[in-house]
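Let's walk through this one together, a question at a time. Have the viewer open and follow along.

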Amino acid sequence: MAEGFSMDSFSLKGKLALVTGATYGIGFAIASAFAQAGAKIVFNDRDQAKIDQAEKDYAALGYEAHGYKCDVTDEDAVQAMVKDINEKYGVIDILVNNAGIIKRIPMTEMSAADFRQVVDIDLNGPFIVSKAVIPGMVEKGHGKIINICSMMSELGRETVSAYAAAKGGLKMLTRNICSEYGEANIQCNGIGPGYIATPQTAPLRERQADGSRHPFDQFIIAKTPAARWGTPDDLKGPAVFLASDASDFVNGHVLYVDGGILAYIGKQP
Ligand code: NAP
Ligand code: GCO
């Protein structure tokens with residue numbers, strides 16, 4: 001921990017960060033920002049080809065990043081991954097529970113299996129990975145956990161019942177890890193991205209047959225004071241802050257990086 005505040009308080013030099021699902025999208029951006037701030041990166045995904053490509057992408061940016069093939073819902077695989085990371089690279093200082101999926105299906109048409117899969121990945125996954133990582137953080141005397149929440153941690157909308165339930169639960173898991181492990185000098189916070197242009201939201205931004213913007217695209221522009229979609233780059237600074245010594249007294253907080261959506265009734269049509 002940096003003695004007293006300085007700009008070094010924002011440095012991640014010498015830290016080891018695990019970012020789940022960081023082969024592209026928000027996870028890749030956050031992991032890249034951590035590397036830029038001096039951290040060594042380990043990440044996981046379910047698909048070896050994506051892991052191999054991501055390692056090349058990180059290397060092309062000059063960053064050291066080691067990928068693991070691991071499904072966050074598989075507790076044995078997660079425990080084995082964390083053990084291997086500890087043996088090869090050291091104890092994890094920073095965990096970002098980023099891996100997640102969404103299924104956009106009207107609730108009464110959604111199967112219980114689909115609902116369970118979203119909750120399993122988006123809520124059980126962060127529990128499983130945090131449970132595996134926290135003991136090392138406790139032993140080391142410090143740790144940072146960042147859970148990637150959502151607008152749907154606060155708001156509902158049609159077709160995303162499972163996702164909203166999971167992300168609402170993830171907000172409370174964040175607060176509970178804060179409560180249970182704050183005394184061990186572990187800070188657990190959330191980042192709640194607004195609408196970010198990644199593969200996950202690509203269906204909501206597809207151009208219509210007549211070349212016009214997707215109705216949901218237009219809706220989000222009207223709901224966002226910044227009048228634009230966010231980009232993964234918009235999340236880099238907030239993530240580095242929450243991963244750094246500069247946020248040592250910030251705990252149990254969800255930092256919404258949404259361009260102002262949650263503060264705004266929306267532009268009059
Ligand atoms: P994305 O483009 O769909 O990327 C999700 C990543 O998670 C992919 O690398 C994916 O790998 C991985 N993943 C999915 N299930 C996994 C599992 N069971 N085990 C390991 N890895 C898994 O999503 P994104 O837009 O970057 O979003 C990342 C996080 O931010 C998610 O938690 C999402 O809910 C949240 N979020 C996104 C937005 C947004 O507007 N984009 C806003 C708020 C919150 P595969 O490709 O192999 O499945
Ligand atoms: C949706 C979107 C959102 C974003 C994000 C907003 O279908 O409404 O996918 O859920 O992914 O979670 O914060």
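Some ground rules come before the questions and answers. This is a predicted model, in which local features need pLDDT of at least 70, side-chain atom pairs count only at pLDDT 80 or more, and totals for chains, interfaces and linings use all residues. Residues are numbered from 1 along each chain as its sequence is written, chains are lettered from A and ligands numbered from 1 in the order in which they are written, and side-chain values use heavy atoms, with hydrogens and water left out.

Q: Which strands stand at the edges of the open sheet of seven strands?
A: Helices (H or I, at least four residues) and strands (E, at least two) are DSSP runs numbered from the N terminus, and two strands pair if DSSP finds at least two bridges between them. The pairing here is parallel, in the order S3-S2-S1-S4-S5-S6-S7. Two strands have a single partner each, so one side of each is left without a neighbour in the sheet: S3 (65-69) and S7 (254-257).

Q: Which residue in S5 stands opposite Asn97?
A: Strand S4 (residues 94-97) and strand S5 (residues 143-148) run parallel and are joined by four bridges. Asn97 has as its opposite in S5 the residue Asn147.

Q: How many of the six residues of S5 are buried?
A: Buried means under 20% relative accessible area, with exposed over 50% and partly exposed in between (1.4 Å probe, protein chains only). In a regular strand the side chains alternate between the two faces of the sheet. Gly143, Ile145 and Asn147 point one way from S5, while Lys144, Ile146 and Ile148 point the other way. S5 is largely enclosed by the rest of the structure, because the buried residues number six of the six.

Q: At about what angle does helix H4 run to S4?
A: Axes are lines fitted to C-alpha atoms, for helices over the stretch in contact, and angles run from 0 to 180 degrees between N-to-C directions. Helix H4 (residues 112-140) lies across S1 (16-20), S4, S5 and S6 (186-193). Its angle to S4 is about 175°.

Q: What do the buried residues of helix H7 pack against?
A: Helix H7 covers residues 236-243, and its buried residues include Pro238, Val240 and Leu242. Contact means heavy atoms within 4.5 Å. The packing partners of these buried residues are H1 (25-36), S4, S5, S6 and S7.

Q: How much of the area that ligand 2 exposes when taken alone does the protein bury?
A: A residue is near a molecule if one of its heavy atoms lies within 4 Å of it, and 14 residues surround ligand 2. Oxygen atoms of ligand 2 lie 2.6 Å from a polar side-chain atom of Arg157 and 2.7 Å from one of Gln200. Accessible areas come from the Shrake-Rupley method with a 1.4 Å probe. Taken alone, ligand 2 exposes 330 Å², and the protein buries 96%.

Q: Which residue has an N or O atom in its side chain 2.6 Å from an oxygen atom of ligand 1?
A: Ligand 1 is surrounded by 29 residues, and the closest include Tyr24, Asp45 and Arg46. A polar side-chain atom of Thr23 lies 3.2 Å from an oxygen atom of ligand 1. At 2.6 Å, the residue is Tyr163.

Q: Is Thr201 buried or exposed?
A: Thr201 sits in the loop between S6 and helix H6 (215-223). Leaving aside neighbours within four places in sequence, Thr201 is in contact with Arg104, Ile196 and Trp229. With a relative accessible area of 5%, Thr201 is buried.

Definitions and conventions. A polar contact is a pair of N or O atoms within 3.5 Å; within protein, one must be able to donate a hydrogen and the other to accept it, and residues adjacent in sequence count only if both atoms are side-chain atoms.
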